[in-house]
Amino acid sequence: MPRSMTGFGRNQSESASASVTWEVRSVNSRYLDLKWRLPAFLRSREPELEKTVRKHADRGRLEITCNFQPRQADLMDVGLNLPLAESMLRSLDELARRRGHDFTPEYTRLLSIGCLWQESGAEADPDLFAFLKQGLDDAMADLRASRLREGDLLARDISGRLAKLEAWRAEIFRMAPQVKEDKFQALRTRLSSVLEKLGVEPSEERVLQEVAVLSDKLDISEELTRLGCHLERIGQLLAEPSDVGKRLDFLLQETFREINTLGNKAQNIEVSRMVVDFKAELEKCREQAQNIE
C-alpha cells in the first residue's frame, strides 16, 4: 500500500527524569526536507536523530518538534548571561545617578527577563539521549501509520478513477476500426475530388496508395495499446508498499501524452469528447498521485 506524504505523528514519553513530547507534521515535498525544533542540548545530535527519521520516511517536508520537560534540575544546564546582565544594571545605575536617585537592584527581577537566561547546549548523557531517540522513533512510527491510512484512501480514489479511464479506453478501442474506415473513405473522396478539380485523371491505385499512407498516420491503435499498458502498470504500482510516488507521476505524464496524441490523430467528434473527459479524470489522478510518497 502506498504512503501519503501528509500526516501527523505524536509520542509522549515519561521517565523518572523527564517528560518528552515529540510531534511530527508532514506535508508534500519533492525530497525529504526536515525542519527541527529542538532543545539546545539536542541540536548537536541532529545527524543521529535524522537517521531515525529516515527509517520511516523517504519524501516530504517534516516539521519535528521536541517538547522537553525535565524533572531533575541537573538535566538542564541554564546559565545567566553575566555580561548582558551587568551591562543592563550598569546602565540603570548611571541613569539613577544622573537623576539624583540611589539605585539598589532587585536581583530576583532578573528571573523574569528571558533574554538573560541561556541553555549551555551541553550534550545529553547517553541514557537520556537513548530515551529521547526512542520517543522520536515511536512518533515517526505513528506518523507512518497516519501516512499509510491516508495513502490507502488516495490509492482507492485513484483506482476508482482508473476504472473510468479503462472503460473509456475500451470504448475508443471498440470504435477505432470504424473511425479508421470512415476516415479512409473521407480521405479517398476528398483526394479524388481535388485531383478532378486540378484536371488530373485519378488513378485508382494511386489514390488508394495515398489514402493508405494518410490513414496510417491517423491510426490510433499504437496509442491505445500503450495507453492500456500504462493504465495496467499504474494499477500495479498502487498495490506496491512504498516509494511509488515518483513512478506514478511519471507514468501519469506518459498516459497524458498518449491520450493527447490519440485525440489529435483520431479526428472524430465522439472520440474527442471521450478524450476530453479522459484528460480531466487523468488530471485528478495526477493531483492525488502528487500526495503519494
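Leu227 sits in helix α5, where helices (H or I, at least four residues) and strands (E, at least two) are DSSP runs numbered from the N terminus. With a relative accessibility of 0%, Leu227 counts as buried; buried means under 20% relative accessible area, exposed means over 50%, and partly exposed is in between (1.4 Å probe, protein chains only). This is a predicted model, so local features need pLDDT of at least 70 and side-chain atom pairs count only at pLDDT 80 or more, while totals for chains, interfaces and linings use all residues. Residues are numbered from 1 along each chain as its sequence is written, and side-chain values use heavy atoms, with hydrogens and water left out.

What does Leu227 touch, not counting residues up to four places away in sequence? The list is Arg169, Thr255, Glu258, Ile259 and Phe278, a contact being heavy atoms within 4.5 Å. Glu166 is 61 residues from Leu227 in sequence, yet their C-alpha atoms are 8.9 Å apart in space.

With neighbours within four places in sequence left aside, Thr255 is in contact with Leu227, His230, Leu231, Ile234, Phe278 and Leu282.

Zooming out, the protein chain has seven helices and six strands. Along the sequence they follow the pattern β-β-β-α-β-β-α-β-α-α-α-α-α. Of its 293 residues, 38% count as buried. Take the contacts between residues at least 6 apart in sequence: 79% of them join residues at least 24 apart.

Next come the nonpolar cores, each one a set of buried Ala, Val, Leu, Ile, Met, Phe, Trp, Tyr and Cys residues joined through side-chain atoms within 4.5 Å. The largest has 31 residues, and those with the most contacts inside it are Ile172, Leu248, Leu262 and Val271. Two or more residues of this core come from each of α3 (126-197), α5 (221-237), α6 (245-266) and α7 (269-289). The largest share, nine residues, is from α3. As for Leu262, its contacts beyond four places in sequence are Ile172, Ile220, Glu223, Leu224, Val271 and Val275. Another core lies apart from this one and has 25 residues, among them Phe41, Phe68, Leu128 and Leu132.

Charged side chains pair up too. The count comes to 28 salt bridges, a salt bridge being a side-chain nitrogen of Lys or Arg within 4 Å of a carboxyl oxygen of Asp or Glu. In one of them, the side chains of Glu63 and Arg37 meet at 3.7 Å, N to O. Glu63 lies in strand β4 (residues 60-70) and Arg37 in strand β3 (residues 32-37), so this pair ties together parts that are 26 residues apart in sequence. Glu63 is partly exposed, at 22% relative accessibility, whereas Arg37 is exposed, with a relative accessible area of 52%.

Another salt bridge joins Glu281 and Arg161, whose closest N and O atoms are 2.7 Å apart. Here distant parts of the chain are linked, with Glu281 in helix α7 and Arg161 in helix α3, 120 residues apart. Are these two partners buried or exposed? Glu281 is buried at 6% relative accessibility, and Arg161 is buried at 18%.

The salt bridge between the side chains of Glu254 and Arg257 is a local one in helix α6, with 3.2 Å from N to O. The two are three residues apart, which means about one helical turn separates them. Glu254 counts as buried, at 16% relative accessibility. There is also a network of salt bridges that links Glu222, Glu223, Arg226, Glu258 and Lys265.

Finally, there is empty space to look at. Rolling a probe the size of a water molecule over the atoms shows where such space is left. On a 1 Å grid over the protein atoms alone, a pocket is an open set of points where a 1.4 Å probe fits, with protein on both sides within 12 Å along at least five of seven lines, and lining residues have an atom within 4 Å of a point. The second largest pocket has a volume of about 160 Å³, the volume being the space filled by probe spheres set on the points, which are joined across faces, edges and corners. Its lining is made up of Met88, Leu89, Leu92, Phe103, Thr104, Pro105, Glu106, Tyr107, Arg109, Leu110 and Ile113. By class, that lining has eight nonpolar, one polar and two charged residues; Ala, Val, Leu, Ile, Met, Phe, Trp, Tyr, Cys and Pro count as nonpolar, Asp, Glu, Lys and Arg as charged, and the others, Gly among them, as polar.
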